[in-house]
Amino acid sequence: MQSIIRCRTVINEKGGKGVSILITGATGFVGKNFIRMMLAEGYESKEMILAVSKADSALVKAGFRLLLHKNYTYSSGELMELLQPEESIDTVIHLGALTPKGNGSDETADYGENIRTTKHLLTTLPAAPRRFLFGSSVSVYNTDESTADGRYGASKRACENLLKEQLLNTELWLLRFGPIYGPGEEAYQKIAGTFLKKAMAGENIYLKGDGSAVRHMVYVDDVCGAIIRVLKESPKIEGSCHILDIVNETPVTIRQLADWAVKMAGSDSQIIVETENDDQTHRQEPSNMTTKYAQGIYSGEKMTSYREGMQQLYHHLKEQA
C-alpha cells in the first residue's frame, strides 16, 4: 500500500466562527486569478481555506488559512484543525486538476489523478457542504479517449458523476470551462502565450495547415467572474444540480492569434504556414481542446475580446521577462 504523506496545516489567527469557503487549486492558473478577483469583489481572506501544495508566506500574511498537501494527501483531522469552534465549510470550490498542455507533450499523463483527488476531497470533508462548485471542462463532450483531451474529459465526467452520487443534499454546480488563456498560463504552454513568447524572442511562428482553424477561447478573468457570479446569484436550493458551460461563442483563427502576437511584440518574426506533410520539428501545434461539443452557454457579462485578452497577456509576459 502506498504510504500517505501527511500535510502540515497553517492556522492564521484571523480565522473565526461562522462559515468558510474551501478552495482547491488556489495557486494554479485559474485559482490565482480567482483569489485576486474574490478579494476585489469584497470577499475576505479570513473566510477562505486554500488547499496548496507549498507554503506561501504572502498568503498567510494576507490572512488566508492554508491546507498544505502533496497530491491532496491530507486527513479529515488536518482539515478540521483549520476550523474554529462552531465554524463549518459552507462552500467548496474545487479548481485543482491535472490538465492537458497545449503542445501535446503529456500524452501519457494519468488523468485518473483527477478522480482520485476528488474522491479524497469528499472523504475528508467534515460534513457535506451546503454548496459545491466543481471546475469541470467542455472536454466532457469529447468521447474520443485516444487523445489526451478525450482522456481528460473522461476523468472530468467521472468526477461529475461521483459528485452527483455523493452530494445528494448539496447545491452542486458543474462549471464546464472552455479553453482558458491569460496571465498565468505559462506552465500550460497554451497557444496564445506560446505565440507571444515566440514573437517576443524573434522566433518564427509555424502554423499547421493554412491557419484558418478556429478556437473558442475564454479569458481567465471571464471564467473567474462567472464563478463569482454563481457564488453571488446561485438559487441556494439543496440537492439541486446545475450545469454551466463557460465558453466564448466568438471564434478566432490561429492565423489571427499569430498576427496579433507579432504586431504586439513589434517583432520581425515570420509566420510560416506548413502543410500536413512538412517537417514537424518546429511546428506550433494548436491546442487540442475545443468547444465544438458545448451545448449550454454562460450568458453573463460581455466577454473580453481576443485582442484585449492577448494584450493583457503580452503585458504580463513582458513583466515576467
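Modeller: We will go from the whole chain to single residues. Keep in mind that this is a predicted model.

Biologist: What do the contacts say about the chain?

Modeller: Take the contacts between residues at least 6 apart in sequence. Of these, 80% join residues at least 24 apart. Here is one example of such a distance in sequence. G28 and L95 are 67 residues apart along the chain, yet their C-alpha atoms are separated by 8.3 Å. G28 lies in the loop between strand 2 and helix 1. G28 is partly exposed, with a relative accessible area of 23%.

Biologist: What does L50 touch, leaving out residues up to four places away in sequence?

Modeller: L50 touches I23, A26, I35, L59, F64, R65, L66 and L67.

Biologist: How do I read a helix, say helix 7?

Modeller: Helix 7 covers residues 220-233, which is 14 residues. From its first C-alpha to its last, helix 7 reaches 20 Å, close to the 20 Å expected at 1.5 Å a residue. For burial, there is a general rule. An α-helix has 3.6 residues a turn, so residues three or four places apart point the same way. In helix 7 the buried residues are V220, D222, V223, C224, A226, I227, I228, V230 and L231.

Biologist: And helix 8: which of its residues are buried?

Modeller: They are I254, L257, A258, W260, A261, V262 and M264. The cover over them includes helix 6 (191-200), strand 14 (271-274) and helix 9 (306-320). Helix 8 has 12 residues and reaches 17 Å, close to the 16 Å expected. Just after helix 8, G266 takes a positive phi of about 60°.

Biologist: Which residues have a positive phi without being glycine?

Modeller: Again, the rule leads. Most residues other than glycine have a negative phi. Two cases here go the other way. E86 has a positive phi of about 70°, and Q189 has one of about 50°. E86 sits in the loop between helix 3 (76-80) and strand 5. With 69% relative accessibility, E86 counts as exposed. Q189 is in the loop between strand 8 and helix 6. Q189 is partly exposed, at 28%.

Biologist: Strands next. How many bridges join strand 5 to strand 6?

Modeller: Four bridges join them, and the two strands run parallel. H94 has F134 in strand 6 as its bridge partner. Seven of the eight residues of strand 5 (residues 87-94) are buried, so the strand is largely enclosed by the rest of the structure.

Biologist: Is S136 buried or exposed?

Modeller: S136 is buried, at 1% relative accessibility. S136 belongs to strand 6. Leaving out residues up to four places away in sequence, S136 touches K156, E160, L175, R176 and F177.

Biologist: Last, the aromatic rings. How many aromatic pairs are there?

Modeller: There are four aromatic pairs. A pair of aromatic rings is described by the distance of the centres and the angle of the planes. The rings of Y181 and Y219 have centres 5.5 Å apart and planes at 65°, so this pair is edge-to-face. Y181 is in strand 8 and Y219 in strand 11, 38 residues apart.

Biologist: Which residues form an aromatic cluster with each other?

Modeller: Y181, Y219 and Y306 form one. Y181 counts as buried at 1% relative accessibility. Y219 counts as buried too, at 6%.

Key
Residues are numbered from 1 along each chain as its sequence is written. This is a predicted model: local features need pLDDT of at least 70, side-chain atom pairs count only at pLDDT 80 or more; totals for chains, interfaces and linings use all residues. Side-chain values use heavy atoms; hydrogens and water are left out. The expected span of a helix is 1.5 Å times one less than its number of residues. Buried means under 20% relative accessible area, exposed over 50%, partly exposed in between (1.4 Å probe, protein chains only). Two strands pair if DSSP finds at least two bridges between them. Contact means heavy atoms within 4.5 Å. Rings of Phe, Tyr and Trp (its six-membered ring) pair if their centres lie within 6.5 Å; planes under 30 degrees apart count as stacked, over 60 as edge-to-face and the rest as tilted.
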